[in-house]
Structure formats: C-alpha cells, structure tokens
Amino acid sequence: AYHAFQELLECQSPRIIMFETDVLYYGGNLDGAKTLIPDLAGRTFPVFLYHDTWKNLTRKPEPVSSDFKGFTPMNAVSPDAPDMNYMRPTKEVLEFSKFNRHIMNKITAECKNRNIRLCLYSSVCPKQYSMGRHNALSMYASRYNLPFIDLNMPNSGLTIDPHTDFFDYGEHLNATGAVKSTEA
C-alpha cells in the first residue's frame with residue numbers, strides 16, 4: 001500500500017485519498033518482508049521486475065500486472081450467504097500491527113504535508129471485519145482527525161443482500177455489491 005501511495009504521488013496531485021483499511025490488518029511482521037524485498041528489488045533494478053520478458057528481445061515485453069490499478073468486475077455469486085450480524089457491539093479494540101501503524105503514520109503525515117485530505121474507508125466484509133476492527137480504526141481516525149467511512153456499520157445506509165452481492169462467502173463484493181457500495 002505504501003508503494004502504491006508513493007507511485008500515486010509521483011504522477012498525481014490528489015485533493016483527497018480514500019484509503020481502504022483492510023490492508024492495515026495484513027502482514028506487518030517479518031512475513032511482510034518476504035514480499036517487500038522482491039518489490040523493492042524490482043523497483044530499484046527493473047531487470048528483476050521484467051525477469052520473465054527480458055530474455056526474448058525480439059518481442060515487446062508484456063506489461064507487468066498490478067493489483068492496485070483498477071477494479072476487476074466479479075459477477076459470480078457466492079452459493080453460501082455470510083452471517084450479516086457480524087457487527088455485534090463490543091468494547092474490544094483489535095489494533096493493527098506496530099509496523100503497519102508506522103507505515104500508516106507516514107502516509108498520514110505525507111498527506112498532511114501535501115495538503116491532501118485522507119479519508120479512511122472500510123468496505124463490507126463479514127468474513128474478515130469485526131466491531132473490534134471498527135473500534136481500533138475509529139480511534140485512529142479520531143486521533144489524527146481523519147474522516148472514517150465504515151460501510152460495515154448498520155447505519156451506513158448500505159443494504160447488502162448476502163445471497164446476491166458477494167463473490168466469495170462475505171470476503172469480496174461482486175459487481176452488484178460494488179455498485180451498491182459505491183452508491184452508498
């Protein structure tokens with residue numbers, strides 16, 4: 001996420017950035033270094049990034065795919081409906097890792113320095129999300145005076161049908177769920 005953020009600022013000057021918070025709960029320990037090191041090597045030495053295409057110089061290299069450029073519509077519908085009562089009240093606070101907090105603090109500070117409004121956003125995800133995550137993210141947003149849109153909350157104005165709006169049992173919205181989420 002941090003590299004995507006840096007890449008964004010190289011060629012754009014946004015007034016607002018919507019940061020999807022799910023990424024804050026992944027990696028954040030030495031396991032994250034397993035992907036960080038090859039990514040850094042590829043950015044520093046492009047031969048690593050294009051290692052599969054450099055050998056055949058007679059054809060044009062295929063573009064390197066990126067997971068953070070665009071939306072791939074998923075039209076399939078999950079055969080099983082997730083538990084849509086996953087946002088039960090609790091005082092639990094499910095913090096994200098210190099490493100991820102450090103990176104998020106860097107993004108927050110850079111946005112402030114560049115006069116970019118940063119907005120935290122949590123997409124509907126009954127499989128991974130919880131009130132504990134909401135509480136931690138609300139506290140972070142409050143501490144740094146950031147707006148926080150949480151579409152998991154019952155009062156978000158979003159009506160998701162668990163039988164038609166998920167691609168995979170409540171982890172990812174399909175195209176109809178994404179349209180509803182965008183409208184909300």
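1. Basis. In this predicted model, local features need pLDDT of at least 70 and side-chain atom pairs count only at pLDDT 80 or more, while totals for chains, interfaces and linings use all residues. Residues are numbered from 1 along each chain as its sequence is written, and side-chain values use heavy atoms, with hydrogens and water left out.

2. Core. The largest nonpolar core holds 32 residues, of which Met104, Ile107, Leu118 and Val124 touch the most other members. Two or more residues each come from α1 (2-11), β1 (16-20), α4 (98-113), β2 (117-122) and α5 (131-143); the largest share, five residues, is that of α5. A nonpolar core here is a set of buried Ala, Val, Leu, Ile, Met, Phe, Trp, Tyr and Cys residues joined through side-chain atoms within 4.5 Å. Buried means under 20% relative accessible area, exposed over 50%, and partly exposed in between (1.4 Å probe, protein chains only). Helices (H or I, at least four residues) and strands (E, at least two) are DSSP runs, numbered from the N terminus.

3. Ile107. Beyond its neighbours within four places in sequence, Ile107 is in contact (heavy atoms within 4.5 Å) with Tyr2, Phe5, Phe19 and Leu118.

4. Cysteines. The structure has zero disulfides (pairs of cysteine sulfur atoms within 2.5 Å). Cys111 is buried at 1% relative accessibility, and Cys119 is buried at 3%.

5. Asn135. This residue lies in helix α5 and is buried, with a relative accessible area of 16%. Residues up to four places away in sequence aside, Asn135 touches Thr90, Lys91, Glu92 and Val93.

6. Surface. Ile16, Met18 and Ile149 make a nonpolar surface patch of about 260 Å². Met18, in strand β1, is partly exposed at 45% relative accessibility. Patches are made of residues with over 30% relative accessible area and no salt bridge; like charges are joined within 9 Å, nonpolar side chains (Val, Leu, Ile, Met, Phe, Trp, Tyr) within 5 Å. Accessible areas come from the Shrake-Rupley method with a 1.4 Å probe, and for residues only the protein chains shown count as cover.

7. Salt bridges. There are six salt bridges, each a side-chain nitrogen of Lys or Arg within 4 Å of a carboxyl oxygen of Asp or Glu. Among them, Asp83 pairs with Arg88 (3.0 Å, N to O). Glu171 and Lys127 also form a salt bridge (3.7 Å, N to O). That pair links distant parts of the chain, 44 residues apart: Glu171 in the loop between β3 (148-150) and α6 (175-183), and Lys127 in the loop between β2 and α5.
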